[in-house]
Amino acid sequence: METTGRPTGRRSLAVRADEMMIRPPGASPGTAERVRVRLSGAVQGVGMRPFVHRLAAETGLAGFVRNGADGVTIEVEGSRIADFISRLSAETPPLARIDALAIETLAPTGDAGFSIGASTGGRAATRVVPDAATCPDCLAELFDPASRFFGYPFTNCTQCGPRYTITRRLPYDRGRTAMAGFTMCAACAADYADPLNRRFHAEPIACPSCGPRLSHAIRAIAAALRDGRIVALKGIGGFHLLCDARNEAAVAALRRRKSREAKPFAVMVANAASLGTAAQATAAETALASGMARPIVLMRAVPGALAPSVSPGLAHVGVMLAYAPPHHLLFAELAGTAGAGHDPFAPNPAVLVATSANPGGEPLVIDDADAERRLAGVADLIVTHDRPILVRIDDSVTHILAGAPALLRRARGFVPEPIELPADGPDVLALGGHLKSTVTVTRGREAFVSQHIGDLDTAETVKFHRETTAHLLSVLDVTPTRVICDLHPDYRSTRIAEAFDLPCVRVQHHAAHVAAVAGEHGLTGRVLGLALDGHGMGPDGENWGGEMLLLEGAAWRRLGGLFPLPLPGGERAAREPPRMGVAALAALGRAQEIAVRFREFPFARPVAAYLARPGLCPVTSSMGRLFDAASGLLGLCRVQDYEGQAAMELEALVTGPLAMPGGFALDQGVLDFRPLLAA
């Protein structure tokens, strides 16, 4: 029997004991039986084997459990198998998710006792779970002087801690992780071997006697932050740059050193009770921030609570809660309550800028020597540790949209959790676009979206893109049959795809957007979608970005789009909103106003003359450029330091939205916003 279901939460599967035909014909209740149970899904590195061991003991069953490339295999023998199976699906560990469960009846062997067997190899069909925030049990031990994990910045158990970022390959065993070089001390080995212990077969188990160590004391890190200094702290998936979020001089210095003029910084607070120090968090935002993934959540900022340079010109701020032991120890020290009795759930006044340590748009720094080389001019103090980071991964960014969580940047805490597709398909590799790039690998009906990689503008980011592709294919044990890329021939992701010795399928940018949403939500048949973004190349080289598309399987056609505006300067118009303001005036037939309205810009007169000559200037249907045009007409943003800056600053000024009658026109599938721009 096999039962599968679309994942809807922590447990996607429920098995009723009375539905399982596991008793041989003629057998009576209480007769000893034996079955083999195979579990697939997020079932390794989550405490599944110790959970199964305990469950077998409580139901009086003999047999074994072991990890394998295809998931977890269990054989149990005894008279209470139905009870065991029922509880197996109903009481799974917090991080586990059973996607499929298969049961096979076997002949009894007369086993006595239950054991955890050695892992087996083969082609991987299971997966690694995402990294998880420190659990309440480990937090309690972190501040309990009676615990040997008191004050230890690398404590973890089967319920929490690093997973994906320390995993080299499957099956998930210590020797295949970044912990391979750390030999367990006698106490850790005893915990690891004790079925009643929370760290039973917890592969990253460590303590002060045998585990990784920070290069600096927590007290020294806190002192540096109090003094207004910038600290680079090695974490789960890379280095953070930290400073006091209320100290304008420190935040402004971080901006100068990182060459990040305006893009907002995220901040970190100790816990949910401390969110009010930085943001006006709603109940939904608090719940999202408090989940095991601990993402950055966009929330409305408390006016005046943070240094102005944290998120200049914006009404919202990205806030995350402390999610690793060093964070909790640091907030305790900053609050002056470090040591025994500290309550990690109590309100804490400290707020830290916690931004990715990636100077100049390069990938996140993960290596100690690389940190010394690349961060020496940014951070006043560089704090490392000796546990390798095998997978570079940033913090996820989320917000609440229409009452539900939505991902803006998929990374730590969510990767490599798969998206279930509506049907099985070939194993493929999709290499994404040029900006905000990610990689996706499909395996059967699962789509594994990689962590956020970034814009493919530098050699280092292209290297990260290749590194991510190689690791994802390796850990999933997938050999793709084809590679998918964007239609645009000049995207670096397209050039990477062309280098593979595989059939290459080129997909139009916005058709890919709509198809991805349809796949994520299990939609089949005819799908009508709107793709509203900055840029994508149309089939004839057009500059698209505001399209209505009809999809049916792999076929698609464009039904309509936004009224095209001139794009003076090409890519420069995407960086300089005043150029789109000029374009809007030209599109309104008011080119004679350009020289006066934009007189402070040297390009105004020549661009006005250029736009007066029909057919010379390229046009765009981009929604992003429409927002830039509005910003340009209002004089809000002269140059965009980051993508979407003009639109975000425009949004921040909206306190009471108004619907303007006659603000747009619709004609034969073309949505024309010129009436609104005229107003």
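**The sheet**

I started with an open sheet of 6 strands in the order E16-E19-E18-E17-E20-E21, with mixed pairing. Strands here are DSSP runs of E of at least two residues, helices are runs of H or I of at least four, and both are numbered from the N terminus. Two strands pair if DSSP finds at least two bridges between them.

I then checked the edges: E16 (419-420) and E21 (504-507) each have a single partner strand, so one side of each is left without a neighbour in the sheet.

Next I looked up E17 (residues 428-430) and E18 (residues 440-443), which pair in the antiparallel sense over 2 bridges. Ala 430 has Thr 440 in E18 as its bridge partner.

I also found helix H10 (residues 459-476) packing on the sheet, where the helix touches E17, E18 and E19 (446-449). Contact means heavy atoms within 4.5 Å. The direction of H10 makes about 20° with that of E18; axes are lines fitted to C-alpha atoms, for helices over the stretch in contact, and angles run from 0 to 180 degrees between N-to-C directions.

**The cysteines**

I counted 0 disulfides, taking a disulfide as a pair of cysteine sulfur atoms within 2.5 Å. For Cys 210 the nearest cysteine sulfur, that of Cys 188, is 3.7 Å away.

**My ground rules**

The model is predicted: local features need pLDDT of at least 70, side-chain atom pairs count only at pLDDT 80 or more, and totals for chains, interfaces and linings use all residues. Residues are numbered from 1 along each chain as its sequence is written, and side-chain values use heavy atoms, with hydrogens and water left out.
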